[in-house]
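Biologist: Let's go through this model together. Start with the ground rules, please.

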Amino acid sequence: MLLSENFKIAIRSLRANKMRSVLTMLGIVIGVATVVALLSIGKGATASITSSIQSNGSNLLTVSPGKQQSGPAGAGGGSQQASYLYYSDFQLLQRSLEDNVAAIVPSFQSSYLVKYGDESFSVYVTGVTKDYQETNSYKVVNGRFISDGDNKSESLVAVLGSQTAEDLFGGLNPVGKTISIKGVKFEVVGVLESKGSSGFGSSDDAVFIPLDSGYNKLFGSTAMYNDKRIVNSISVSVTTTEAMDTVSAQIEFLIRRAHKLTSSDELDFNVLSQSDLLSTLTTVTQTLTVFLGAIAGISLLVGGIGIMNIMLVSVTERTKEIGLRKAVGATKNQILTQFLIETVTLSLLGGIIGIGFGIGLAALVTLSGALTAVITYDSILLAFTFALAIGVFFGLYPAYRAANLHPMVALRYE
């Protein structure tokens with residue numbers, strides 16, 4: 001029998017039981033759609049993180065506290081800070097690092113309710129110095145950034161991220177307006193260009209103020225430990241890529257000595273380059289994507305079992321038909337091929353529909369603005385191949401059972 005005839009018979013058989021065919025394909029549709037959507041979202045998150053980190057430049061070292069400990073952390077429980085970076089650590093690096101360093105920038109960040117008129121939002125407020133803008137590749141689209149003079153005079157001024165400006169002011173020009181942070185009035189002097197979401201949050205939801213103003217007029221005890229001012233991070237901009245390792249080793253030596261750590265003590269701080277950070281975050285997103293993809297694969301396996309079950313029922317219902325075909329000369333291979341084609345057709349139709357739904361889900365994620373899902377031919381080909389493999393694997397047993405029915409037994413079947 002020609003292959004085209006087998007396909008016609010397969011389609012005719014599926015159309016004869018439309019509802020059963022649709023329900024049978026449902027597991028494949030859901031599984032394939034999930035695989036395509038998750039792989040697209042995972043690739044989009046990875047691309048977004050890569051773009052966000054690379055936008056800060058490749059020659060940036062970030063020093064951050066290195067320990068967390070389990071236990072009560074305020075009312076919420078969980079983990080709390082067990083090690084700290086101090087403002088004095090920044091001052092030490094500023095004094096000691098001269099060669100191969102373009103800028104050293106401390107910052108302290110905490111979440112506060114920011115108000116303007118009737119609008120209020122919880123936003124991360126970050127105390128910074130002048131060099132923070134260049135070190136982190138921010139561009140001011142309206143007004144100016146924090147200056148050295150603002151820090152020296154402890155001015156109550158603020159620069160808004162693009163999303164914060166939109167949330168608080170809508171279409172109004174924020175520059176010159178006054179916002180309230182924890183009851184303290186700050187004049188808006190600038191608005192930053194959007195940098196977009198990294199998949200783990202957005203740098204556009206932010207407010208920047210002079211670090212000295214924050215220490216003395218806003219942060220209070222949250223920025224103190226052992227009567228010393230603390231910082232969340234210290235960014236060190238290195239002049240050349242070749243000098244990264246040298247500067248990193250100098251930073252580790254200086255802070256280790258300042259924290260009175262011996263060579264055998266565990267470091268209570270981290271020194272990470274942009275490539276280290278990128279590698280870590282990319283590994284996390286890829287691992288998460290694979291894990292979620294495996295869950296989607298389970299859905300495909302369940303769909304395959306459903307297909308095998310329905311095809312076994314179909315073999316039972318068409319026992320007399322199989323007997324007749326064998327009586328007029330159909331071979332085992334022809335019967336096996338016919339039922340296998342029916343199973344593969346069912347699986348591939350589910351795969352095609354699932355790919356369409358998966359692309360649609362990825363597009364919805366992109367439209368939501370959370371991140372831009374990246375749909376690749378690889379993910380579509382993988383899902384399609386998986387659907388085909390499911391059809392062949394779970395169709396073999398029903399097809400083999402049909403092919404091995406004895407003609408006389410099949411003809412007498414009631």
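Modeller: Helices (H or I, at least four residues) and strands (E, at least two) are DSSP runs, numbered from the N terminus. The model is predicted, so local features need pLDDT of at least 70 and side-chain atom pairs count only at pLDDT 80 or more, while totals for chains, interfaces and linings use all residues. Residues are numbered from 1 along each chain as its sequence is written, and side-chain values use heavy atoms, with hydrogens and water left out.

Biologist: How many helices and strands does the chain have?

Modeller: There are 13 helices and 15 strands.

Biologist: What pLDDT does the chain average?

Modeller: The average is 82, and 88% of the residues score at least 70. pLDDT is the predictor's confidence in each residue, from 0 to 100.

Biologist: Now Ser137. Where is its place?

Modeller: Ser137 is in the loop between α4 (132–135) and β7 (140–143). Its phi is positive, about 55°, although Ser137 is not a glycine.

Biologist: Why does Ser137 count as partly exposed?

Modeller: Because its relative accessibility is 31%. Buried means under 20% relative accessible area, exposed over 50%, and partly exposed in between (1.4 Å probe, protein chains only).

Biologist: And Lys182, what phi does it have?

Modeller: Lys182 also has a positive phi of about 55°, and it is not a glycine. Lys182 is in the loop between β9 (178–181) and β10 (184–192). With 52% relative accessibility, Lys182 counts as exposed.

Biologist: Switching to the interior. What share of the 414 residues of the chain count as buried?

Modeller: 43% of them.

Biologist: How many residues has the largest nonpolar core?

Modeller: It has 49 residues. A nonpolar core is a set of buried Ala, Val, Leu, Ile, Met, Phe, Trp, Tyr and Cys residues joined through side-chain atoms within 4.5 Å. Ile179, Ile181 and Ile251 have the most contacts inside the 49-residue core. Apart from that core lies another, of 26 residues, with Val36, Ala296, Leu300 and Leu340 among them.

Biologist: What does Ile179 touch?

Modeller: Leaving out residues up to four places away in sequence, its contacts include Val114, Tyr116, Leu160, Phe169 and Val188.

Biologist: Is strand β11 (residues 206–210) enclosed or open, and why?

Modeller: β11 is largely enclosed by the rest of the structure, because five of its five residues are buried.

Biologist: Which strand and β11 pair in the parallel sense?

Modeller: Strand β6 (residues 119–128), over five bridges. Two strands pair if DSSP finds at least two bridges between them. Val125 stands opposite Val207 in β11. Strand β8 (residues 157–160) pairs with β11 in the antiparallel sense, over two bridges. There, Val159 faces Phe208 of β11.

Biologist: What order do the three strands of the open sheet take?

Modeller: The order is β4-β13-β12, with antiparallel pairing. β4 (85–86) and β12 (224–225) are the edge strands, each pairing on one side only. β12 and strand β13 (residues 228–231) share two bridges. Arg229 in β13 is the bridge partner of Met224.

Biologist: Next, helix α8 (residues 244–258). How far does it reach from its first C-alpha to its last?

Modeller: 21 Å over 15 residues, close to the expected 21 Å. The expected span is 1.5 Å times one less than the number of residues. The buried residues of α8 include Met244, Ile251 and Arg256. The buried residues pack against β1 (60–65), β4, α3 (87–96), β5 (101–116), β14 and β15 (269–273). Just after α8, Lys260 takes a positive phi of about 60°.

Biologist: Last one, Ser233. Buried or exposed?

Modeller: Buried, with a relative accessible area of 16%. Ser233 is in strand β14 (residues 233–238). Its side chain makes a polar contact with the side chain of Ser107, at 3.1 Å. A polar contact is a pair of N or O atoms within 3.5 Å; within protein, one must be able to donate a hydrogen and the other to accept it, and residues adjacent in sequence count only if both atoms are side-chain atoms. Not counting residues up to four places away in sequence, Ser233 touches Thr62, Val63, Leu85, Val105, Pro106 and Ser107.

Notes:
Contact means heavy atoms within 4.5 Å.
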